[in-house]
Amino acid sequence: SGIAVQGGSKIKFNIDLILPYLIKSNEKLRLVHRIDKFTSGILILAKTKEASRKITKLFKENKVKKKYWAIVLGAPKKEKGNIVLPLNKKFVSGQEKVVVDHDSEKYAETYYSIKEKTEKLSLLEIVPKTGRTHQIRVHLQSIEKPILGDYKYYTNINKVKYKEKINMHLHAKELNFNLEGKDYSLSASLPQYFKKTLIENFRKKYD
């Protein structure tokens, strides 16, 4: 969390820049997908062109099953639900944001289920069935359950005052896919700030 995957106009440091220094051999690591700058969790890197091409294709065809955990403000009305809303990038008050746009053909679908909840916060398990930019963040904000620490997509109604700015609580926890007949199941432990919030609010420990 906190490191961009790729560069941009205001990004001076990113993961793509450090890839040549992560291995000692002549192999070159390649990005095959991205996660948001403030999202923690799994990022797959390919060591060959062939692997890069095949895994990238799996992501584009939505053949990689992704599972995220998020802590949100409040609790959805239903224990389980499916959010289906089209998304599009637009400039809002001079800032580029992804918004729900019913004129857009960029269909997006997000499934969620509640794992734990209190009056103030909920722990959700999320399976995005499509892979749009900021999809999970915008879909959850659209049902007025924004992700804790996601200052870009907070609405005034749902803002919660904290003594200091906190990390965004969205974690890419699992990836599952089949490559050349072999099943892969990858998982990433929760970061410490996420674990701390869970213990303080739900009195439970998770890895």
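This is a predicted model: local features need pLDDT of at least 70, side-chain atom pairs count only at pLDDT 80 or more; totals for chains, interfaces and linings use all residues.
View 1. Residues are numbered from 1 along each chain as its sequence is written, and side-chain values use heavy atoms, with hydrogens and water left out. Strand 8 and strand 9 (residues 121-128) run antiparallel and are joined by 7 bridges; with 3 residues between them, they form a hairpin. Strands are DSSP runs of E with at least two residues, and helices are runs of H or I with at least four, numbered from the N terminus. Two strands pair if DSSP finds at least two bridges between them.

**View 2. Strand 5 runs antiparallel to strand 8.** Lys80 has Ser113 in strand 8 as its bridge partner.

**View 3. Trp69 and Tyr206 form an edge-to-face aromatic pair.** The structure holds 2 aromatic pairs (ring centres of Phe, Tyr or the six-membered ring of Trp within 6.5 Å; planes under 30 degrees apart are stacked, over 60 edge-to-face, the rest tilted). In the pair of Trp69 and Tyr206, the centres are 5.2 Å apart and the planes are at 90°. Trp69 lies in strand 4 (residues 65-73) and Tyr206 in the segment after helix 4 (192-202), 137 residues apart.

**View 4. The rings of Phe177 and Tyr184 are stacked.** Their centres are 5.1 Å apart and their planes are at 15°.
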